[in-house]
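Please open the structure in a viewer and keep the selection panel at hand. The stops below are to be visited in order.

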Amino acid sequence: MKKLFTEKSPLLRGIVMLCVLMVSLQATPARSQEQEPAGADSHQTRYGICLGFTESRIDPCPPSSGWTGGLIPSSAYAHGLRIATILDFRLGRCFSLRVMPGVTTINHSFEPASISNYAPQNYKVESVCGEMPIDVKFHPFRMGRFEPYLSSGLCYGFNFASLRSDISDANLARTNPDYLRFTCGLGVDCDARYLRIGLDLKAGFGLLPTTLGNANTLQYKTSPTFCIGLTFEG
């Protein structure tokens, strides 16, 4: 977790830059600060897009029985991109249902150490995932044009890269195709003149066991996935 927030972390730089953007939106235009936008909460259904950056990690671990190959080091966090569409349906004053189908691309790599049955090379795990997260947003109050919220839900994903047929059995470049995550996060929406612009921070925790490889199958521990996104809704 510490590695995510070092000085050189792209995630930390992204959070700082997006926070500066949200503060600048509060400052202009000045007239909009004087009163809450008319009809800010009158839209029961909103549509939009989300552009985000993700960080996740694969932690391979040896099988529980008959393993004599030694330890497998954890891989470093890998960065990825996410683009999604948004359907936000207001359920009342304090709750909304948000569905964000989209695509995430991210590539991991790790090098096993002293492991029998595996050549000493840098293995790559490719992921091109279609995801369907469904979240419930809790937004109990507004601050002028800003509406902070908490969110929680589930995300089902399918890794299309796992369907590739041109990968040999000895190559750890495939995972089982589908996964399910519990997600939680926080964010803030800002009502600009024509758009609602938001900053969304989210963490996902795997609920299904996942495997790597094919013939020489390894399991890996589920590590949290982090995502920071900028949303635009109309």
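**First stop: an aromatic pair**

Select Phe95: at 40% relative accessibility, Phe95 counts as partly exposed, a class that lies between buried (under 20% relative accessible area) and exposed (over 50%), with a 1.4 Å probe and protein chains only. The model is a predicted one, in which local features need pLDDT of at least 70 and side-chain atom pairs count only at pLDDT 80 or more, while totals for chains, interfaces and linings use all residues. Residues are numbered from 1 along each chain as its sequence is written, and side-chain values use heavy atoms, with hydrogens and water left out.

Because Phe95 belongs to strand β4 (residues 95-99) and Phe138 to strand β6 (residues 123-138), the pair ties together parts 43 residues apart in sequence.

**Next: Lys137 and Tyr149**

Select Lys137 and Tyr149. The charged end of Lys137 sits over the ring of Tyr149, 4.4 Å from its centre; the criterion is NZ of Lys or CZ of Arg within 6 Å of the ring centre and within 35 degrees of the ring normal.

**Two buried arginines**

Move to Arg82 in strand β3 (residues 78-90). Arg82 is buried, with a relative accessible area of 10%. Which side chain makes a polar contact of 3.0 Å with that of Arg82? It is the side chain of Glu131. A polar contact is a pair of N or O atoms within 3.5 Å; within protein, one must be able to donate a hydrogen and the other to accept it, and residues adjacent in sequence count only if both atoms are side-chain atoms. A polar side-chain atom of Arg82 also lies 2.8 Å from the backbone oxygen of Met100.

Now select Arg196, in strand β9 (residues 196-206). Arg196 is buried at 3% relative accessible area, and its side chain has a polar contact of 3.0 Å with the side chain of Asp191.

**Last: the whole protein**

Zoom out to display one helix and 12 strands, which are DSSP runs (helices H or I, at least four residues; strands E, at least two) numbered from the N terminus. Of the 234 residues, 44% count as buried.
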